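Colleague: I have a few questions about this complex. Could you take me through it?

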Amino acid sequence: MGDEKKKVDLEDIRKDWEEKCLRPVLEAASERRGQFSTDIGVNIERIYTPLDLQALNFDYQEDLGFPGQYPFTRGITPTMYRGEPWLTRAYSGFGEPQACNERYKKLIEWGVDEIVMAVDLPTQVGYDSDHLMARGEVGKVGVAIDSLRDMEVLFDDIPLDKLKRVSILGNSFGPVALALFIALGEKQGLKPSDFVVDLQNDILKEYVARGTYIFPIRPSVRVTTDVIGYCAKHIPHWYPCTLCTNHINAAGAGSTKATAFAIANGVCYINHLLEKGYDIDEIAPLFTMFMDERSDFFVGICNLRATRRVWAKMMKDRLKARDPRSMALKLTAYSHGGETLLEPTNNIVRITLAALAYVLGGVQFLYNASYDEVLGTPTEEAAKIALRTQQILAHELGITSTIDPLGGSYYIESLTTHIEKQILDEFMKVEEIGGAIAAIEKGYYLSAITEGANRRQKEFDKGERVSIGVNKYRVESKIPFGAFRIDPALEQRQIERLNQVKKERDRKAVIETLEYVREVAKGDGNLVPAVLEAVRAYVTLGEICDVLRELFGEYQAREYFSSKGR
Amino acid sequence: MKRKLRVLIGKVGLDGHEVGARVVAKALADAGMEVIYTGLRQTPEMIVKAAIEEGVDLIGISILSGSHMTFFPEIIKLLDHHKANDIHFIAGGIIPAEDIQALKEMGVKEIFPPETPTSDIVDFVKNLVVKN
């Protein structure tokens with residue numbers, strides 16, 4: 001009763017404020033914009049009050065609860081950053097393994113927790129450095145990895161247990177990625193239980209954003225889920241799959257649609273594993289999610305909070321998980337998005353604020369872009385600033401002193417609930433279409449992405465999407481030179497190293513292990529043990545992928561771009 | 001009736017980032033041009049063959065992988081080889097300033113960095129093709 005009276009009072013007070021305080025101001029001068037909108041389509045109100053929370057039936061215990069407890073809105077552990085700040089990651093890799101090894105050692109010296117290997121494009125699509133399609137691409141966007149030998153050089157003097165985690169994306173060849181780390185650990189005298197590996201290993205998003213697929217969709221889902229299944233049984237403390245919203249949003253979908261699609265992709269992998277007889281509580285805790293929002297600081301924060309809530313409810317109600325670990329989703333993020341080529345040092349500020357949003361949202365694993373990535377491979381100085389930014393956020397300024405510091409804000413809670421609804425609505429649309437694979441095949445994901453990309457470009461062209469120094473407050477400035485060059489001669493050197501490995505290895509073991517891979521791939525057994533045997537025998541990534549290409553075929557993107565459509 | 005301008009937008013090499021290519025393709029199509037998009041993972045040979053078969057006025061290549069100094073000279077050489085130098089060649093993506101000059105000297109008509117309004121590209125293409 002008392003609440004009801006207060007509500008009436010507040011409504012009256014609000015009306016009074018609008019009439020007496022606000023109206024004269026608006027009559028004298030209108031606001032900067034008619035509407036304050038967001039990239040996800042939610043319009044932002046002038047002010048948020050308890051009335052907004054009442055309208056959404058906000059309930060503290062049901063919507064927020066306490067950190068470490070369902071629905072995990074405020075965080076997945078009861079101490080969060082007071083226990084330990086998020087893991088600082090660095091996405092790094094270029095050129096040849098030796099040169100890259102030196103950069104890794106520097107990063108470790110500066111205090112990085114995790115190295116995420118950036119590998120070159122031939123590696124990402126399963127070609128060795130001597131493949132025809134690899135020409136001109138070796139060592140360009142990442143380090144070239146052909147065989148276990150390259151991993152040995154890359155991590156020379158870097159014991160894997162010295163890092164809190166170590167990672168390779170491995171989206172299209174998850175079993176090889178996993179095997180490379182298991183085998184490298186063996187070479188260093190470590191068991192998988194001694195260190196922690198995480199993989200992206202999320203193939204479905206590659207068909208609509210990013211593009212590093214190899215096989216057709218269905219065999220690819222098997223390749224991806226074999227890795228998750230293997231880890232569930234043998235290495236449950238590793239992270240075999242990161243569901244990616246990042247690339248889907250970056251390509252144009254908007255962050256809530258991207259989250260919905262990533263969850264739908266995750267449900268596709270989970271269903272595949274459930275059909276194979278795995279229990280939900282055996283596999284769900286192994287998933288992490290890669291979050292992304294680049295247009296709005298507060299949407300960025302709320303997106304993480306809402307996603308944890310959506311995941312928790314989905315695991316509990318829909319997939320009947322019982323273990324709280326299945327419901328507590330660990331989140332990764334990559335701080336970047338609005339960087340510009342003009343006046344690139346401004347990007348340090350943009351990246352810092354993006355990182356702050358993810359931290360306020362309760363992220364577990366974070367990496368920052370380097371301010372010069374718009375120009376090419378990051379320089380050493382820029383890579384150091386990217387890491388230092390995270391360390392400053394973690395240890396100076398009191399940002400990590402309390403859990404979910406913005407929780408309870410009328411705005412934050414309203415926005416979190418709106419985003420939760422959007423994610424669920426969009427997820428249901430994908431379900432109606434028939435799930436993730438159908439949404440890819442029928443072009444649903446791609447149409448959402450393309451629509452968003454065109455909208456963003458139009459907003460930019462019209463100046464509605466502001467980029468300081470580019471389409472607002474622009475001054476005459478030259479496009480800066482890229483400071484970091486990749487030596488074009490390295491391609492030949494990498495090919496020579498590959499030939500050397502092929503000459504030195506046991507040829508009989510190569511033939512036998514490849515035959516074993518072929519046999520397992522023909523059936524429906526788990527690919528990882530066979531691939532691991534091959535990797536140990538210095539069979540190359542390209543050789544393993546070739547066997548699988550022969551059996552599974554290669555994905556051919558269907559083109560439906562026309563001058564009328566998209 | 002005046003013939004519509006025909007444009008081939010292509011991705012060369014293994015680079016999988018195609019947002020820019022698609023957005024530019026759409027902008028040119030909206031400006032009344034016929035646009036063919038090659039999709040990912042094309043070789044210079046595939047690009048030039050498609051351009052000749054489709055009878056385009058202009059090739060536009062998007063590249064973010066840093067492999068432009070390998071592929072662009074090959075495209076120019078192949079156009080020469082097939083006596084198809086009347087097909088204009090423009091590009092966009094992440095290409096350092098020091099390479100832009102070299103590529104223009106080789107015959108790439110223009111290189112559009114990130115943050116270019118699509119209207120600049122549309123205007124450039126129209127002027128370029130009309131002028132010739």
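Colleague: In what order do the elements of chain B run from the N terminus on?
Modeller: This is a predicted model. Chain B has 5 helices and 5 strands. From the N terminus on, the order is β-α-β-α-β-α-β-α-β-α.

Colleague: What is the mean pLDDT of chain B?
Modeller: Of the residues in chain B, 98% reach 70 or more. The mean pLDDT of chain B is 92.

Colleague: What radius of gyration does chain B have, and why does it agree with a compact globule?
Modeller: The C-alpha trace of chain B spans about 40 × 35 × 25 Å along its principal axes. A compact globule with 132 residues would have a radius of gyration near 14 Å, so the value for chain B agrees. That value is 13 Å.

Colleague: Which percentage of contacts in chain B between residues at least 6 apart in sequence joins residues at least 24 apart?
Modeller: Take burial first. Buried residues make up 50% of the 132 residues in chain B. For the contacts you ask about, within 7 Å between C-beta atoms, the share is 74%.

Colleague: Which element supplies the largest share of the side of chain B that touches chain A?
Modeller: In the contact, 32 residues of chain B meet 37 residues of chain A. Helix 1 (19–30), strand 2 (34–37), helix 3 (68–81), helix 4 (97–106) and helix 5 (118–131) of chain B each supply at least two residues of that side. The largest share is 6 residues, and it comes from helix 1 of chain B.

Colleague: How many residues on the side of chain B that touches chain A are nonpolar, polar and charged?
Modeller: For the complex, the predictor gives an ipTM of 0.85 and a pTM of 0.94. The contact takes 32 residues from chain B. They divide into 16 nonpolar, 9 polar and 7 charged.

Colleague: What distance separates the centres of domain 1 and domain 2 of chain A?
Modeller: The assignment gives domain 1 (61–72 + 84–461) and domain 2 (490–552) of chain A. Taken over C-alpha atoms, their centres are separated by 27 Å.

Colleague: Which helix supplies the largest share of the side of domain 1 of chain A that touches domain 2 of chain A?
Modeller: The contact takes 34 residues from domain 1 of chain A and 23 residues from domain 2 of chain A. Helix 6 (148–154), helix 7 (174–187) and helix 8 (217–234) of chain A each supply at least two residues of the domain 1 side. The largest share, 7 residues, comes from helix 7 of chain A.

Definitions and conventions:
Residues are numbered from 1 along each chain as its sequence is written. Chains are lettered from A and ligands numbered from 1 in the order in which they are written. This is a predicted model: local features need pLDDT of at least 70, side-chain atom pairs count only at pLDDT 80 or more; totals for chains, interfaces and linings use all residues. Two residues are in contact if their C-beta atoms, placed from the backbone, lie within 7 Å. Helices (H or I, at least four residues) and strands (E, at least two) are DSSP runs, numbered from the N terminus. Ala, Val, Leu, Ile, Met, Phe, Trp, Tyr, Cys and Pro count as nonpolar, Asp, Glu, Lys and Arg as charged, and the others, Gly among them, as polar. The radius of gyration is taken over C-alpha atoms; the globule rule is 2.2 Å times the number of residues to the power 0.38. A residue is buried if 20 or more other C-beta atoms lie within 10 Å of its own, exposed if 12 or fewer, and partly exposed in between; C-beta atoms are placed from the backbone. pLDDT is the predictor's confidence in each residue, from 0 to 100. Domain bounds come from an automatic or database domain assignment.
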